[in-house]
Amino acid sequence: MPKTKSKKQATMKPTNKIVEALRVVLADSYALMAQTHLCHWNVEGTSFFALHDAFEQQYTELFGAIDEIAERIRALGAYAPGGLSNLAVIAGISEQKEAASATEMVKGLAKAHKKVIADAGNARDLAAAAEDNETEDMMIARVQVHQKTLWMLESFLK
Ligand SMILES: [Fe+2]
């Protein structure tokens with residue numbers, strides 16, 4: 001088989017590894033969105049107004065991103081996981097306490113963002129290896145967003 005043809009096939013037929021990696025990105029992003037929403041509701045203290053608003057911006061951005069990731073999985077010919085219990089099986093993000101302090105909340109969310117950065121980096125690298133430029137591009141963008149949010153959260157903690 002000529003080299004160009006096998007390259008083209010790699011682009012058109014995504015590996016299951018890419019889909020599996022995207023399902024992890026989706027599940028962890030959903031878990032992070034839910035945790036950020038919980039923090040938006042329950043945060044207390046002198047930084048209430050700033051964090052309440054910041055968390056709303058973060059979960060709103062995640063909601064749109066999750067939809068795009070799910071639809072990318074569909075475009076790759078696979079089904080997208082959904083439902084809280086199904087997503088919880090795939091996700092690897094620990095739950096926040098309802099009565100956590102603002103600092104504990106930000107620390108927990110920062111840790112969760114690091115997990116999603118690792119997930120998206122893995123999906124990005126697998127997509128790059130398979131010459132799936134579109135998935136790679138989407139995952140590069142997700143890493144950028146999560147790195148920016150992580151910078152903000154870590155700045156709060158200093
Ligand atoms: Fe609200």
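**Figure 1. Sequence separation of contacts across the predicted model.** Among contacts in the protein between residues at least 6 apart in sequence, those joining residues at least 24 apart account for 76%. The model shown here and in the following views is predicted. Of the 158 residues in the protein, 33% are buried.

**Figure 2. Overall fold of the protein, with six helices and zero strands.** Followed along the sequence, these elements give the pattern α-α-α-α-α-α. Taken along the principal axes, the box filled by the C-alpha atoms of the protein is roughly 65 × 30 × 20 Å.

**Figure 3. Close-up of the packing of helix α2 against helix α5.** Helix α2, formed by residues 16–42, and helix α5, formed by residues 102–129, pack with their axes 9 Å apart and at an angle of about 165 degrees. Because angles over 145 degrees count as roughly antiparallel, α2 is described as roughly antiparallel to α5. The crossing of the two helices, α2 and α5, is left-handed.

**Figure 4. Close-up of helix α6, spanning residues 133–157.** The 25 residues of α6 reach 36 Å from the first C-alpha of the helix to its last, which is close to the 36 Å expected at 1.5 Å a residue. Buried positions in α6 are T135, M138, M139, R142, H146, T149 and L153.

How values were computed: Residues are numbered from 1 along each chain as its sequence is written. This is a predicted model: local features need pLDDT of at least 70, side-chain atom pairs count only at pLDDT 80 or more; totals for chains, interfaces and linings use all residues. Axes are lines fitted to C-alpha atoms, for helices over the stretch in contact, and angles run from 0 to 180 degrees between N-to-C directions. Helices (H or I, at least four residues) and strands (E, at least two) are DSSP runs, numbered from the N terminus. Angles under 35 degrees count as roughly parallel, over 145 as roughly antiparallel, 65 to 115 as roughly perpendicular and the rest as oblique. A crossing is left-handed if the near helix is turned anticlockwise from the far one by less than a right angle, and right-handed if clockwise. A residue is buried if 20 or more other C-beta atoms lie within 10 Å of its own, exposed if 12 or fewer, and partly exposed in between; C-beta atoms are placed from the backbone. Two residues are in contact if their C-beta atoms, placed from the backbone, lie within 7 Å. The expected span of a helix is 1.5 Å times one less than its number of residues.
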